[in-house]
Amino acid sequence: MLQDRYGDVAAKLQDHVVTLEIQRPPHNFFDHALIRDLADALRDIDETTEARVVLLCAQGKSFCAGANFAKGQASVLDSSTPRGRNPLYEEAVRLFSNKKPVIAAVQGAAIGGGFGLAVFADFRIASPDARFGANFVKLGIHPGFGLTYTLPRLIGEQRAAEMFLTGERVDGETALAWGLVDRLVPAESLREEAFAFARSIAVNAPLAVQSTRLTLRREMAARVEAQTDREGAEQAWLARTEDHQEGIRSVAAREPGKFVAR
């Protein structure tokens with residue numbers, strides 16, 4: 001049964017659309033608990049007949065600024081399960097196993113794992129102030145959250161490589177031009193227009209929508225599972241390097257890192 005709240009995620013069903021709102025303003029930093037709660041919500045949405053489409057959004061300035069490494073969230077790089085898999089990525093695979101379409105309404109920053117969360121969605125509606133960044137190399141670690149599979153699939157290998165290897169942010173206009181964003185709308189009407197887009201899917205025959213989506217994404221969960229195993233293994237050893245510690249320091253200080261390759 002769909003609940004009103006899953007940890008820091010509020011859920012509301014209206015006109016066959018479930019709005020899932022992350023409520024960790026201003027930047028909605030993510031961790032294992034948040035991804036688990038989102039996965040639990042999507043599980044219940046899949047089991048709720050009246051729910052046909054998901055609108056994923058967030059309170060505050062940012063959609064999701066990723067993990068807050070400056071506040072000691074290095075645990076997001078943990079690979080302590082018996083198979084050596086990051087527990088957070090176990091939950092991420094659950095996200096990709098959901099059955100119903102997800103539209104992300106993106107304002108402000110979608111960075112690192114938060115970028116991965118935006119890319120997980122079927123569609124992205126963004127405001128001009130949206131910024132997308134795979135800043136992992138600036139932190140001295142490997143990309144994660146399945147992005148090394150999902151991002152090239154979305155924008156092509158060259159664009160993805162540019163984002164991964166430079167770590168630079170992409171603004172809303174560029175994201176639209178690259179196909180990373182499906183609609184760019186004024187900030188003041190972001191939720192309204194994203195909901196309207198969700199409704200344009202929800203008015204259709206739900207079983208046909210889910211069947212078509214399954215054909216389009218049928219291998220995605222398995223591919224993400226395999227890719228996050230690789231990502232997690234690379235992150236685990238890089239997290240122990242001096243460069244990762246320098247990356248945390250330099251990103252927090254908003255200055256270039258002084259990396260030493262050890």
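Against which helix do the buried residues of α10 pack? They pack against α9 (220–238), where contact means heavy atoms within 4.5 Å. Before going further, note that this is a predicted model, in which local features need pLDDT of at least 70, side-chain atom pairs count only at pLDDT 80 or more, and totals for chains, interfaces and linings use all residues. Residues are numbered from 1 along each chain as its sequence is written, and side-chain values use heavy atoms, with hydrogens and water left out.

**Stop 1: helix α10 and the residue after it**

Select residues 242–253, which form helix α10. Helices (H or I, at least four residues) and strands (E, at least two) are DSSP runs, numbered from the N terminus. The expected span of a helix is 1.5 Å times one less than its number of residues. The twelve residues of α10 should therefore span 16 Å, and the end C-alpha atoms are 17 Å apart, which agrees.

Now colour Asp 243, His 244, Glu 246, Gly 247, Ile 248 and Ser 250, the buried residues of α10. Buried means under 20% relative accessible area, exposed means over 50%, and partly exposed lies in between (1.4 Å probe, protein chains only).

Move on to Arg 254, in the segment after α10. Arg 254 has a positive phi of about 55° although it is not a glycine. Most residues other than glycine have a negative phi, and most peptide bonds are trans. Arg 254 is exposed, with a relative accessible area of 78%.

**Stop 2: the loop between β3 and α1**

Select the loop between β3 (17–22) and α1 (32–46), where Pro 26 lies. The peptide bond from Pro 25 to Pro 26 is cis, with omega near 5°. Asn 28 also has its place in the loop between β3 and α1. Is Asn 28 buried or exposed? Asn 28 is buried, with a relative accessible area of 0%. Its phi is positive, at about 55°, although Asn 28 is not a glycine.

**Stop 3: helix α2**

Select residues 87–96, helix α2. This helix is mostly covered, since seven of its ten residues are buried. The buried residues are Leu 88, Tyr 89, Glu 91, Ala 92, Val 93, Leu 95 and Phe 96. To see what covers them, display α1, α3, α4, α8 (206–217) and α9, against which the buried residues of α2 pack.

**Stop 4: helix α4 and its partners**

Start with helix α3 (residues 113–120) and helix α4 (residues 147–155), which pack at an angle of about 50°, with their axes 10 Å apart. That makes α3 oblique to α4. Angles under 35 degrees count as roughly parallel, over 145 as roughly antiparallel, 65 to 115 as roughly perpendicular and the rest as oblique. Axes are lines fitted to C-alpha atoms, for helices over the stretch in contact, and angles run from 0 to 180 degrees between N-to-C directions. In the contact, Phe 115, Gly 116 and Val 119 of α3 meet Leu 147, Thr 150, Leu 151 and Leu 154 of α4. By class, this contact of α3 with α4 has five nonpolar, two polar and no charged residues. Ala, Val, Leu, Ile, Met, Phe, Trp, Tyr, Cys and Pro count as nonpolar, Asp, Glu, Lys and Arg as charged, and the others, Gly among them, as polar.

From α4, Leu 147, Thr 148, Leu 151, Pro 152 and Ile 155 make the contact with Glu 157, Arg 159, Ala 160, Met 163 and Phe 164 of α5. These residues divide into seven nonpolar, one polar and two charged.

Finally, show α9, whose axis comes within 8 Å of that of α4 and crosses it at roughly 125°. Here Leu 147, Thr 148, Tyr 149, Thr 150 and Arg 153 in α4 meet Met 220, Arg 223, Val 224, Gln 227 and Glu 231 in α9. The contact of α4 with α9 has four nonpolar, three polar and three charged residues.

**Stop 5: Arg 217**

End at Arg 217, which lies in helix α8. Arg 217 counts as buried, at 12% relative accessibility. Leaving aside neighbours within four places in sequence, Arg 217 is in contact with Phe 96, Phe 120, Ala 121, Asp 122 and Arg 153.
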